[in-house]
Amino acid sequence: MRSFLFGLFALAVAGTACASGGPLGIDHRLHYDNRGIWKRSNQQALIYGTILTVGGGALALGDHDELGDTFWRTVDAMVITGVSTQALKYTFRRERPSQTDSPNRFFTSHGKGFPSGEVAAMSAAVTPFIVNYGDEHPAVYALALLPAYDAVARMKVHAHWQSDVLVGAMIGTGIGIWATRRDSPLIVGWLPGGFSVGYVHHFKP
């Protein structure tokens with residue numbers, strides 16, 4: 001996990017030699033680029049595709065095998081991360097690079113930039129899989145490229161500062177680790193009868 005976090009950090013704060021401010025002293029605008037792989041529609045496809053994959057995998061596999069259990073822990077991580085980052089956005093009310101050239105504008109009436117909810121969600125989505133399968137299948141660590149890409153893409157379109165995406169990645173990763181270490185998935189336990197969400201496993205001939 002340390003190499004995963006280091007990779008996120010390195011890409012999230014790429015180009016900080018020109019850093020000018022913000023809470024960590026690393027924030028500055030990147031050159032605006034809303035084309036090619038950085039295009040906003042590609043970012044949206046990634047986050048919505050991730051949500052559909054995680055939700056669909058959880059429902060299809062249930063919570064009675066290792067992979068299904070991992071999907072449900074990922075659901076936990078993404079939901080809790082989403083609630084947490086929204087609360088922080090309303091608390092800190094930071095303006096985005098598209099709204100101001102100063103990374104120090106917090107507590108404004110229309111700021112919702114800190115932290116990055118999408119980078120946090122992507123980090124939460126990949127962390128349970130990396131924790132559970134990374135040691136046995138090192139290729140799984142490549143999933144870390146998804147939040148790293150999203151971090152850079154969000155900065156490229158001036159949606160976030162470097163510290164926004166870095167803190168978002170830390171929140172998502174931390175909650176993802178917490179969800180993985182629980183005795184059982186949280187949301188499954190809230191569903192009726194555990195919902196035993198592996199409904200396909202219960203309709204045996």
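## Basis and overall fold

Helices (H or I, at least four residues) and strands (E, at least two) are DSSP runs, numbered from the N terminus. This is a predicted model, in which local features need pLDDT of at least 70 and side-chain atom pairs count only at pLDDT 80 or more, while totals for chains, interfaces and linings use all residues. Residues are numbered from 1 along each chain as its sequence is written, and side-chain values use heavy atoms, with hydrogens and water left out.

The protein chain has eight helices and zero strands, and its elements run α-α-α-α-α-α-α-α from the N terminus on. Of the 205 residues in the protein chain, 48% are buried. Buried means under 20% relative accessible area, exposed over 50%, and partly exposed in between (1.4 Å probe, protein chains only). Contact means heavy atoms within 4.5 Å. Among contacts in the protein chain between residues at least 6 apart in sequence, 73% join residues at least 24 apart.

## Helix H6

Helix H6 covers residues 162–181 and has 20 residues. From its first C-alpha to its last, H6 reaches 29 Å, close to the 28 Å expected at 1.5 Å a residue. The expected span of a helix is 1.5 Å times one less than its number of residues. H6 is mostly covered, with 15 of its 20 residues buried.

## Salt bridges

A salt bridge is a side-chain nitrogen of Lys or Arg within 4 Å of a carboxyl oxygen of Asp or Glu. By this rule the count comes to seven salt bridges. Side chains of opposite charge can pair when their charged atoms come close. One of the pairs is aspartate 69 with arginine 73, at 2.6 Å from N to O. Both residues lie in helix H3 (residues 66–92), four residues apart, about one turn of the helix. An α-helix has 3.6 residues a turn, so residues three or four places apart point the same way. Aspartate 69 and arginine 73 are both buried.

Another salt bridge joins aspartate 164 and arginine 94, at 2.7 Å from N to O. This pair links distant parts of the chain, 70 residues apart: aspartate 164 is in helix H6, and arginine 94 is in the loop between H3 and helix H4 (117–133). Both aspartate 164 and arginine 94 are buried. Asp27, Arg94 and Asp164 are linked in a network of salt bridges.

Aspartate 33 forms a salt bridge with arginine 35, where the closest N and O atoms are 3.4 Å apart. Aspartate 33 counts as buried because its relative accessible area is 13%. Arginine 35, at 60% relative accessibility, counts as exposed.

## Helix packing

Two packed helices are described by the angle between their axes and the distance between the axes. Axes are lines fitted to C-alpha atoms, for helices over the stretch in contact, and angles run from 0 to 180 degrees between N-to-C directions. Angles under 35 degrees count as roughly parallel, over 145 as roughly antiparallel, 65 to 115 as roughly perpendicular and the rest as oblique. A crossing is left-handed if the near helix is turned anticlockwise from the far one by less than a right angle, and right-handed if clockwise.

The axes of H3 and H6 come within 9 Å and cross at roughly 140°, which makes H3 oblique to H6. H3 passes H6 in a right-handed crossing. On the H3 side the contact is made by Arg73, Asp76, Ala77, Ile80, Thr81, Ser84, Thr85 and Leu88. On the H6 side it is made by Ile171, Gly172, Ile175, Gly176, Trp178, Ala179 and Thr180.

Helix H2 (residues 40–61) packs with H4 at an angle of about 40°, with the axes 10 Å apart. H2 and H4 are therefore oblique to each other, and their crossing is left-handed. The contact is made by Arg40, Gln43, Leu46, Ile47 and Thr50 of H2 and by Glu118, Ala121, Met122 and Ala125 of H4.

## Backbone details in the loops

Most residues other than glycine have a negative phi, and most peptide bonds are trans. In the loop between H3 and H4 lies proline 115, and a cis peptide bond with omega of about -5° joins phenylalanine 114 to proline 115. Phenylalanine 107 lies in the loop between H3 and H4 and has a positive phi near 60°. At 52% relative accessibility, phenylalanine 107 counts as exposed.

Histidine 158 lies in the loop between helix H5 (145–156) and H6. Phi of histidine 158 is positive, near 60°. Histidine 158 is buried, with a relative accessible area of 12%.
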